[in-house]
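Please open the structure in your viewer and keep the selection tool ready. The tour goes stop by stop: select, look, then read.

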There are 2 protein chains.
Amino acid sequence: MPMVPHLVTALTGPISELEQRMLDATPAIERWFRLEWMEHTPLFYCAITVRNAGFKLAAVSNDLHPGGWDLLTPPMWPLAVQSAMVAIEKICPEAKNLLVVPVNGLHSAAQVRSLQQLQRILYRAGLHVRLGSIDPDIKTSRSIESPDGEPLALEPVLRQGARIGLPDFNPCTILLNNDLGAGIPGILEDLQQQYLLPPLHASAALRRRSQHALAYEELSKRLGKLLGIDPWLIYPLYAACKPEAAFWRDELQTQVDAVLSRTRRKYKEYGIHEKPFVVLKAEGRGGTLHTLRDAAEVAILLPDPELPPEERPAFFIQEGLLTNECVGSCAAEPVVYVVDRFVVGGYYRTHAQRGADASLLGPDSGHAPLSFAEATMPPPPGHKLGASAPNRFYMYGVTARLAMLAASYELEASNPEPQESY
Amino acid sequence: MPMVPHLVTALTGPISELEQRMLDATPAIERWFRLEWMEHTPLFYCAITVRNAGFKLAAVSNDLHPGGWDLLTPPMWPLAVQSAMVAIEKICPEAKNLLVVPVNGLHSAAQVRSLQQLQRILYRAGLHVRLGSIDPDIKTSRSIESPDGEPLALEPVLRQGARIGLPDFNPCTILLNNDLGAGIPGILEDLQQQYLLPPLHASAALRRRSQHALAYEELSKRLGKLLGIDPWLIYPLYAACKPEAAFWRDELQTQVDAVLSRTRRKYKEYGIHEKPFVVLKAEGRGGTLHTLRDAAEVAILLPDPELPPEERPAFFIQEGLLTNECVGSCAAEPVVYVVDRFVVGGYYRTHAQRGADASLLGPDSGHAPLSFAEATMPPPPGHKLGASAPNRFYMYGVTARLAMLAASYELEASNPEPQESY
């Protein structure tokens, strides 16, 4: 694929050992996933940020309302279409119409391209697709200019009884491409006889990163056992700090220190000469990510030790993973897209100004295509790595699917109405 | 895809109209397939030869034990892997081991490459795969030299009670990659607790082309209705001639004449200035294909009017389709691979010495890769063809899936033990 930039990765010892183990255990891993998916329904879609630190590799975040569909390269499209077909078939084989609910607010050129690509994938999978906005500012249908000339039609969602739709468009399935970070709007509450994907409790307003991390940790331990490896090599340590704690900032400091100490011990065990760090994130999605190398930095970040409980943010503390990947001179991290239970592609998120220990997400993020599709076929069984070019796709794909499975467990645990499976 | 040769196709009026109709009806077509697959289980795999005559397009043969897996280009591999995952999940999610039964006899370099690629696809989909030969000449395990250096291990199949396997290898699923043209060997009969894919009645020794053609015709009529087109545009006319007929050669002449006459009427209706022809094929697979332009040619082909019934071949008479495709200066026809209910790719079969009205299958056939994957995404709904490069992938894929569905119907109808779904 000459249009895909050459990807430079310094594969160090442990990670290629991990990769070799995963490749050798392919039938066992795939069988494990097959049996898990029988019990746990995958979400319609998600996009997982994976970090390859050289000595360990793990999913660090899981977006359940992913944009960026336009960043998948053409060879990946058929995979996305095929996976969407499988998902639709399972949810509602009789489906004719699907309504996509995009994010509120002004739509950037990138968002328009992403929505157009998502719409094409779903159309190709066999659905009439229209975009229904829940933005209170969208009161009439409008046509948004698109960078490639074809306009995007955006219409205000209408509610009728316990269903939503558009004029002459009665969808059986609603696909949220909006994480509802500002709260759950009434128009989406108590829908009946319509599939809402993902469910409302997957929204940023209700979701808790620590709940996902718990599920991901437990699954990593089970997969680690199957692979015969220390599960720490495939999941980040973490802690949560609830705003209710009596000495809240002290509690946060204690938790940050605990994650740093546990990471330090692991670094020592593996002879890793790096300084451990944690990333402080809001429990819901969004918000600024802070990189801390010392618990004392908590006091600098939060000068007031005793904010009133209602003003305290709920924090999630995650072991920081260095990224060992770069595209050109930019630090890079793979973002892997999963539809239903299938990896459909991804891209590299890059940042020219940030280092291997920082979040690469931000207004100055760049993107590099990832030549996933061509690298998918593993070397034949028994074949040793090194004889061919490194193949990280399978390892990334296993990691991403582990995060998709963790999201299924997470949403089962957080489901306010456990009788509904979607 | 610079490594894929540019494909020259003279798209004439009617075929691009058909293509436009299919693209416009994508959601309806996909929904129709979704509902059909709920009632009719697709086969594990098949490879369909499609002929695009310019004015019509149809599947002309369906190989239920396909080779040529090495001819799929790398961008198609992930699709094949993903489809195989879906198939396995449905057949036997607990599966660990799968036994592939290859063709008997000496293995050409092309056959070895195909088997290696098939083995890799299945391994990647999550199975331990070994090759078990039913060739009576293979009495001990052997290693076949492979063109790319990696040898292929071939072992004689062992039967134990109602199961087959290999030493230390107890497969739950047997995948036949051998059409059993010489008859059903006893070692494969009455297997129990093992899935045999495709079932024995899909074998060349038992299958009848006319049974497949009947199912394909009926499905074409239903799809044609859905598309609002004359179904003749998507299926070839045909007739069968049973060896039991009293005046057998006369009967064959009558049937050949009937197919020629019906074709001639259709050509007239559509203003096609070509000479109709039929292709005479054996009802089972294999055998020489004969192109006839006049019923009188039957007497030249079969000088003896009254062979004893046991010596008479069972003939299938199919409306001949010109191929309007060429790669360079060679006549070409697409061969489309379907795994479970998904199109996973294909290639162009070419022949330098044969014309657009002849079979391109033979020892001198060539192959050209088909850049399927990149052409998969259709133009957006409402977008008119001509504004972008022609996209035949979707149309070929619909045709191939129609043939896969016809094979499901065919095997349901010919199943000697209707209680078993595989």
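A residue is called buried if 20 or more other C-beta atoms lie within 10 Å of its own, exposed if 12 or fewer, and partly exposed in between, with C-beta atoms placed from the backbone. Residues are numbered from 1 along each chain as its sequence is written, while chains are lettered from A and ligands numbered from 1 in the order in which they are written. This is a predicted model, in which local features need pLDDT of at least 70 and side-chain atom pairs count only at pLDDT 80 or more, whereas totals for chains, interfaces and linings use all residues.

**Stop 1: confidence.** The mean for chain A is 87, and 90% of its residues reach 70 or more. Now select residues 1-13 of chain A, where pLDDT stays under 50 and the model has 19 contacts beyond four places in sequence. Two residues are in contact if their C-beta atoms, placed from the backbone, lie within 7 Å. Residues 383-389 of chain A also have pLDDT below 50, with five contacts beyond near neighbours in sequence. Where pLDDT is low, the predicted coordinates should not be read in detail. For the model, the scores are ipTM 0.89 and pTM 0.91.

**Stop 2: domains.** Select residues 73-206 of chain A for domain 1 and residues 237-320 for domain 2. These bounds come from an automatic or database domain assignment. Taken over C-alpha atoms, the centres of the two domains of chain A are 36 Å apart.

**Stop 3: a helix.** Select residues 109-124 of chain A, which form helix α4. Helices (H or I, at least four residues) and strands (E, at least two) are DSSP runs, numbered from the N terminus. From first C-alpha to last, α4(A) reaches 22 Å, close to the 22 Å expected for its 16 residues; the expected span is 1.5 Å times one less than the number of residues. Is α4(A) mostly covered or uncovered? It is mostly covered, with twelve of its 16 residues buried. Among them are Val112(A), Leu115(A), Leu118(A) and Tyr123(A). After α4(A) comes Gly126(A), with a positive phi near 110°.

Stop 4: Most residues other than glycine have a negative phi, and most peptide bonds are trans. Go to the loop between β10 (173-177) and β11 of chain A and pick Asp190(A). Its phi is positive, near 55°. Asp190(A) is exposed, because 7 other C-beta atoms lie within 10 Å. Gln193(A), in the loop between β10 and β11 of chain A, has a positive phi near 60°. Gln193(A) is exposed too, with 8 other C-beta atoms within 10 Å.

**Stop 5: cis peptide bonds.** Select Leu197(A) and Pro198(A), joined by a cis peptide bond with omega about -15°. Pro198(A) lies in the loop between β11 (195-197) and α5 (209-227) of chain A. In chain B, a cis peptide bond joins Leu197(B) and Pro198(B), with omega about -15°.

**Stop 6: a strand in chain B.** Select residues 278-282 of chain B, strand β13. Four of its five residues are buried, so β13(B) is largely enclosed by the rest of the structure. Two strands pair if DSSP finds at least two bridges between them. Strand β14 (residues 290-292) of chain B runs antiparallel to β13(B), joined by three bridges, and Val279(B) stands opposite Thr291(B). Strand β15 (residues 315-319) of chain B also pairs with β13(B) in the antiparallel sense, over five bridges. There, Leu280(B) has Ile317(B) as its bridge partner.

Conventions:
pLDDT = per-residue confidence, 0-100.
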